[in-house]
Amino acid sequence: MRPRIVGTPQIRKEGIDKVLGRAKYVDDLERDGMWYGATVRSSIPRGRIRAIHYSPEVDWSEFVVVTAADISGKNHIQMISADQPCLAADAVNHCDEPILLLAHPDKRRLPEAVAAVRIDYEPLPAILSIEESESQHEIIWGPNTKDGNLFKEFHLEKGNVDDVWATAAYVVEGEYRTGAQEHLYIENNGVIAEYSDADGLTVRGSLQCPFYVHKSLMAVFDLPPEKVRVIQTETGGAFGGKEDYPSVIASHAALLARKAGRPIKMVYDRMEDLAATTKRHPSRTRHRTAVDKDGRLLAMEIDLATDGGAYATLSSTVLSRATLHSTGPYVCPNVRINSRSWATNTVPYGAFRGFGAPQSIFAIERHMEQIARAVGIDSAEIRRRNFLHDGDSTATEQVMREPVILDALLDHALKESDYTAKRERFTRENPHSAIKRGMGIAAFYHGSGFTGSGERYLNSLAGLDVTENNKVRVLVCNTEFGQGTNTILTQIAAEALALSYDDIEMAPCDTNIVPNSGPTVASRTSMVVGRLIERSAHQLISSLKESAGLADDYSRSEFFTACERLREQQGKVESLCRYEAPPNIYWDDQKYRGEAYPAFAWAVYVAEVAVDTVTYSAEVTNFYTVQEVGRVLNPTLAAGQIEGGVAQGIGYALYEKVLLKNGHMFNNQMTNYIMPTAADVPPIAVFFKEIPFAHGAYGAKGIGELPHDGPAPAILNAIQDATGENFPFIPLLPEDIFLRMAIRTPDVPAPDPFTPNEEHAAV
């Protein structure tokens, strides 16, 4: 009997090279004759470009200079809507927008040259918040928005909300805000570009989605697909921050490479990466909820707004996921949701782990806490009474056909955290202590894979081939950037082929070699792409049995001998499969109704906190996570995903604050953009309950985004339990706690968490 590989903690495929320092990141790579590139950026949030002046103190003959006039194709970055210029031509719409590019053989000369370019502007009034954008009734720039400054809106209605308010026992209202968040991947954005008339364009870089970059380069250079090649280099983290932005930096390096006639390397330093690249969308969510005397939900009215920044990027899909998760894992017969994404003159906001769900789940889970207090029911019990169960339907009328075990997850979380006993003890001890302790719960779900019809539109293709030196290669464009793609997909292939883990390797992530298996986003890699690899393996075995005489109970040597026979017949040994939607998954894009996701991952988190009433700092002292993510394919990697997501969520809740000054991020350094260190992350208990999903690879669902959704509301709920104070926004910094608890200003609106005034920022 062959040993199992799926479900076991295999060594990471790229792990040894990383540990030994052999892994080559983009800034480790050199090309013959390579020069270096830099970007000249806007210093104002909005205005028209009048003129560009080059200081005579610099010998510009030594430099290559690229402007929008050098673009031979479309001056657009190709995302969902092509509204973002590759280079600003006539106007700028946010600080740090790229205007022109410079290249030089000595990268030490570039900062001086960038500073020697002076741009004359005609400044225009800037819109820097959701509220300012909502109040504008004119289009403030170009055709990138409709209906004023609105990027996208969704309207969702179930039942009859208006008939409920008059008869409800309680009506609870609240407004909740979340701030921007920086990805803080270890490796900054970087690429190397090469161009020749004969071969076209080749870009190597730190990126998530090679075919996204490929699509933008084709448009900017007006080249056919075969003349554009994108290769992912070893990538040091992404979290969504290298989904859309690499299309920008790749286009810039490529423009310089074509004009210079030599390879160009562009690697941002940390300050530029922080100031100029996309971040998590800030949000404002208003809840109005009707409940009966027993705390059961009767009606939910939700108004959700996100700040999309200057260009649309991925705002429409982020808004969609935020909308679909805004009711939480609860059943409610009457629901109305209005959601909008607004344009502002700030850096475009884009993809980030959770993709809109952390914003809306923060709001609903903080709101459930207020409902519990209004009705006088325990926080755990108010959730239990309203959980979705098998056969219930969501706001989009998706029926829960897969098992829903939220009650079991809650029971496990309460037991492991000793929730009830600790709450009772803290209630006794807090009045006599300067350290106030509390417990907080968050229950939530996360849809696995693309929303709605997304996977059908992607039509992903993936598979396997077998090399002449007896290695099976996984053929996908799904990238490894720390989360375990290489390991998981090779485990799936090895299990399905009944080979050893060492017999499988990943093909280079090169658009000339691998098919378009879709982007590495949306917690889809293990579930969706892994399933394609599993099917491709079974398809390959069938071909070998039919055409090459492979026996049912084959050995390793017999497998590869059969592969050689098939190669002699067909010239290659390859098996590819295209995406097939699970049955009963239908989504109506026009009505915004139906099965939003083929499967959901579910979780209940409990945070234990301590609030120091002398320093007004809040600390997470213990954290407990219980989740159902289908089959756990690699327990070590799965636990790592949960632990990393919780750590990132702690930063989102208590530390990471993007400070804007006239639209520019002015705390764009690791010294003043504060994130949690190892000393700030508590012990994290991780528990899984496995219910395999029939249409995921070996039963897997998505896991990567789920753990970022729950920490922030659990932590803020715990802080309210400890202090009795309701803080409806994140990040919650010590100065915010001080303003509420020491100065006692509960009726004064909290400072805007993502565009604070300068006095508050300096506290």
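1. Start with phenylalanine 239, which sits in the loop between strand 11 (228-232) and helix 5 (246-260). Its relative accessibility is 30%, so phenylalanine 239 counts as partly exposed. Look at the backbone here too: phi is near 60°, a positive value in a residue other than glycine. Keep in mind throughout that you are looking at a predicted model.

2. You'll find alanine 498 in the loop between helix 13 (485-497) and strand 19 (504-506). As for cover, alanine 498 counts as partly exposed because its relative accessibility is 25%.

3. Now go to helix 14, residues 525-547. Count along and you get 23 residues, with 31 Å from the first C-alpha to the last. That is close to the 33 Å expected at 1.5 Å a residue. After helix 14 comes glycine 549, and the phi of glycine 549 is positive, near 70°. While you have a helix on screen, here is a handy rule: an α-helix has 3.6 residues a turn, so residues three or four places apart point the same way.

4. Which peptide bond is cis? The one that joins isoleucine 730 and proline 731, with omega at about 0°. Proline 731 belongs to the loop between strand 28 (729-730) and helix 19 (734-741).

5. On to charges. Searching the whole structure turns up 56 salt bridges. Arginine 109 is partly exposed, at 25% relative accessible area. Glutamate 112 is partly exposed as well, at 43%.

6. Arginine 340 deserves a point of its own. What does the side chain of arginine 340 meet in a salt bridge at 3.6 Å, N to O? That partner is glutamate 153. Glutamate 153 lies in strand 7 (residues 150-158) and arginine 340 in strand 15 (residues 334-343), so this pair ties together parts that are 187 residues apart in sequence. Glutamate 153 is partly exposed, with a relative accessible area of 24%, and arginine 340 is partly exposed with 23%.

7. Arginine 340 also forms a salt bridge with aspartate 303, at 3.7 Å from N to O. Here aspartate 303 comes from strand 14 (residues 297-309) and arginine 340 from strand 15, so the pair ties together parts that are 37 residues apart in sequence. Aspartate 303 has 23% relative accessibility, so it counts as partly exposed. Step back and you can see how these pairs link up: salt bridges that share partners join Glu131, Glu134, Glu153, Glu175, Arg177, Arg284, Arg286, Asp303 and Arg340 into one network.

8. Which residues form the nonpolar patch with about 450 Å² of accessible area together? They are Ile11, Ile16, Val19 and Leu20. Valine 19 is part of helix 1, residues 15-19. Its relative accessibility is 70%, and because exposed means over 50%, valine 19 counts as exposed.

9. Finally, threonine 451, in the loop between strand 16 (435-448) and helix 12 (454-458). What does threonine 451 touch, leaving aside its neighbours within four places in sequence? Its contacts are Ser320, Arg321, Leu324, Ala596 and Tyr597. For a sense of distance, select isoleucine 492 too: this residue is 41 residues from threonine 451 along the chain, and the two C-alpha atoms are separated by 24 Å.

Methods
Residues are numbered from 1 along each chain as its sequence is written. This is a predicted model: local features need pLDDT of at least 70, side-chain atom pairs count only at pLDDT 80 or more; totals for chains, interfaces and linings use all residues. Side-chain values use heavy atoms; hydrogens and water are left out. Helices (H or I, at least four residues) and strands (E, at least two) are DSSP runs, numbered from the N terminus. Contact means heavy atoms within 4.5 Å. Patches are made of residues with over 30% relative accessible area and no salt bridge: like charges are joined within 9 Å, nonpolar side chains (Val, Leu, Ile, Met, Phe, Trp, Tyr) within 5 Å. Accessible areas come from the Shrake-Rupley method with a 1.4 Å probe; for residues, only the protein chains shown count as cover. A salt bridge is a side-chain nitrogen of Lys or Arg within 4 Å of a carboxyl oxygen of Asp or Glu. Buried means under 20% relative accessible area, exposed over 50%, partly exposed in between (1.4 Å probe, protein chains only). The expected span of a helix is 1.5 Å times one less than its number of residues.
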